[in-house]
Structure formats: structure tokens, C-alpha cells
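This briefing is meant to be read alongside the sequence and the structure shown below.

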Amino acid sequence: MSNNRNEQATYAKPSRADITRSVATSTAVETGQPSAKIEASLEAARKKFAHLRLA
């Protein structure tokens, strides 16, 4: 009669845009650069190397 259940919390996978924004914001705080500039450079690099896949 125990009410202790092993309930799993649902997990929403973050989108690529969410991850990019998070990395850009964190880097901006550390470097003092605008986060929009860093986010743009991340997107440019992503487009430049889109044909490459990680092993």
C-alpha cells in the first residue's frame, strides 16, 4: 500500500536553435562580445561545414 512510484519525468529534447542560443549566450558572457554576433558566426560555420558528419 505504498504510494512511492518510480515515475519518470518527461524530457523535451532541445532544438538545434536552443542549443546554439545557449552556447552563444554563455560565450558572450565569458568574452564580453554580443551574443547575436557569436550566434551568427556559429550558424555561418554550421552552414560552411554542413556536408561533414561526425564519426
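How many salt bridges does a search of the whole structure find? The search finds one, and it should be read with the caution that this is a predicted model.

**The salt bridge**

- Aspartate 18 and arginine 21 form the salt bridge, and their closest N and O atoms are 3.3 Å apart.
- Both aspartate 18 and arginine 21 belong to helix H1, which covers residues 16-31, and they are three residues apart, about one turn of the helix.
- Aspartate 18 is partly exposed, with a relative accessible area of 39%, and arginine 21, at 41% relative accessibility, also counts as partly exposed.

**Charge on the surface**

- Arg16, Arg46, Lys47 and Arg53 gather on the surface in a patch of positive charge.
- One of these residues, arginine 46, has its place in helix H2, which covers residues 35-48, and at 36% relative accessibility arginine 46 counts as partly exposed.

**The nonpolar patch**

- Ile19, Val23 and Leu42 form a nonpolar patch on the surface, and together they have about 220 Å² of accessible area.
- Isoleucine 19 lies in helix H1, whereas leucine 42 lies in helix H2, so this patch has members in both of these helices.
- Isoleucine 19 is partly exposed, with a relative accessible area of 45%, and leucine 42 is likewise partly exposed, with a relative accessible area of 32%.

**Overall form**

- The protein has two helices and zero strands.
- Its radius of gyration is 18 Å, well over the 10 Å that the globule rule gives for 55 residues, so the protein is more spread out than a compact globule.
- Taken along the principal axes, the C-alpha atoms of the protein fill a box of roughly 60 × 30 × 15 Å.
- Of the 55 residues of the protein, 7% count as buried, a class that requires a relative accessible area under 20%.
- The protein exposes about 5400 Å², and carbon and sulfur atoms supply 53% of that area.

**Exposed positions and distances**

- Glutamine 8 is placed in the segment before H1, and because its relative accessibility of 77% is over 50%, glutamine 8 counts as exposed.
- Between glutamine 8 and alanine 55 there are 47 residues of separation in sequence and 31 Å in space, C-alpha to C-alpha.
- Alanine 55 can also be set against leucine 42, from which it is 13 residues apart in sequence and 20 Å apart in space, C-alpha to C-alpha.
- Glutamate 30 lies in helix H1 and, at 66% relative accessibility, counts as exposed.
- Glutamate 30 and proline 14 are 16 residues apart in sequence, and their C-alpha atoms are 22 Å apart in space.

Conventions
Residues numbered from 1 in each chain as written. Predicted model: local features only at pLDDT ≥ 70, side-chain atom pairs only at ≥ 80, totals over all residues. Heavy atoms only, no water. Salt bridge = Lys/Arg side-chain N within 4 Å of Asp/Glu carboxyl O. Helix = DSSP H or I, 4+ residues; strand = E, 2+ residues; numbered from the N terminus. Buried < 20%, exposed > 50% of the residue type's maximum accessible area, 1.4 Å probe, protein only. Patch = residues over 30% accessible without salt bridge, like charges linked within 9 Å, V, L, I, M, F, W, Y side chains within 5 Å. Areas by Shrake-Rupley, 256 points an atom, 1.4 Å probe, with all protein chains shown as cover. Lys, Arg positive; Asp, Glu negative; His and termini not counted. Charge placed at Lys NZ, Arg CZ, Asp CG, Glu CD. Rg over C-alpha atoms; globule rule 2.2 N^0.38 Å.
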